[in-house]
Amino acid sequence: MRLAVSPENKPILIASLFVVAILFAGTAYTLSTTGTAPLLSPGYLLQQLQTGSFLGICAAGMMMVILLGHIDLSVPWTLTAAAMTATAVGGDLALPTALAVGLSVGLLNGFGVAFLRIPSMIFTLGVDTVLRGLMVAQTGGFAPQDSATPLMLYLAKERILGIPVAIFVWVATSIVIAVILSRTGFGRSIYATGSREAAAFLSGIRTRLVIVGAFVVSGLCAATAGILLAGYSAKAYQGMGNSFLLPAIAAVVLGGTHILGGRGRYAGTVVGVVLIVLLNSVLSIMQMPEAGRQIIYGAVIIGMLLVYGRNQRVIS
């Protein structure tokens, strides 16, 4: 009996198999060298998911933009600007201020891409550079002395029933994104616009507002990740979001979302995030040199993309 797998679910299945393979490889290595298997420890896995939740939230917003066939390269400094502004303001206004930064950047990106018709790669990269300059001007080029607020520390570090609160924030964000994409007219409009914007416009969809909305979600997700990361680090610092851009894009693509838009499931993005988190964990346990880690990391991404590309050619 042959088990049929739909083309839409193939990327998720492949990414899931990679997760299992990485778990087995990492467990076998640690057992042979140390006699222990930290990857199978619930505490260790929760710790990895706690730090992976920052990436997961960034990837959730990035997926909304990639589904449209666009890209948001302003995520690193949107995250950083939100965190630095929140810690500078402090008090009860810290979180609203951070989210306002994400909202403002999202509106700006959406306006530039949807109404000015500037390619998203160019416009969002320019916005990222502007944000970097603003933060350097705000701090004078030095690390800010402000610290995270108690609420930011709670969201990033505390636990409920033994589970980090940051994971609950990621789960809540995931539920919102999944519901938007699968149960709302806005989500259906995103898929339609990403498949063919001109056809979506002629069918009555207000494609420009859809694009603005997707970039707003991406900005809010980046700001939320900035709040959590600042709480986890107990402060904000320049360049804190630089390491999230490529992994966020990779998680979305590895999860099966088509880089040109129109196709993808959020469950695949979650699996892609877990894949990257576990891969980095295994490489850290193996004490892999940075050069080797970059080679393996890039090879896995290229290999997955080749598999998806081959599947797409076969399907089409």
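A residue counts as buried when its relative accessible area is under 20%. By that cut-off, 49% of the 316 residues of this protein are buried. Keep in mind that the model is predicted.

The secondary structure is made up of 13 helices and 2 strands. Among contacts in the protein with a separation of 6 or more, 78% involve residues 24 or more positions apart.

Now for the helix pairs, both of which involve α10 (residues 207–233).

| Helix pair | Angle | Distance between axes |
|---|---|---|
| α6 (residues 150–157) and α10 | about 90° | 7 Å |
| α2 (residues 42–66) and α10 | about 170° | 7 Å |

How is α6 oriented relative to α10? Angles of 65 to 115 degrees count as roughly perpendicular, and the angle of about 90° therefore makes α6 roughly perpendicular to α10. On the α6 side, the contact is made by M152, L153, L155, A156 and K157, and on the α10 side by I227, L228, A230, G231 and Y232. By class, these residues are 8 nonpolar, 1 polar and 1 charged.

With α2 the picture is this: the angle is about 170°, so α2 and α10 are roughly antiparallel to each other. Residues of α2 in this contact include F54, I57 and M62, while those of α10 include F215, V217 and L229. The contact of α2 with α10 has 15 nonpolar and 5 polar residues, and no charged ones.

Technical notes. Residues numbered from 1 in each chain as written. Predicted model: local features only at pLDDT ≥ 70, side-chain atom pairs only at ≥ 80, totals over all residues. Heavy atoms only, no water. Helix = DSSP H or I, 4+ residues; strand = E, 2+ residues; numbered from the N terminus. Buried < 20%, exposed > 50% of the residue type's maximum accessible area, 1.4 Å probe, protein only. Contact = heavy atoms within 4.5 Å. Axes fitted to C-alpha atoms, helices over the stretch in contact; angles between N-to-C directions. Parallel < 35°, antiparallel > 145°, perpendicular 65-115°, else oblique. Nonpolar A, V, L, I, M, F, W, Y, C, P; charged D, E, K, R; others polar.
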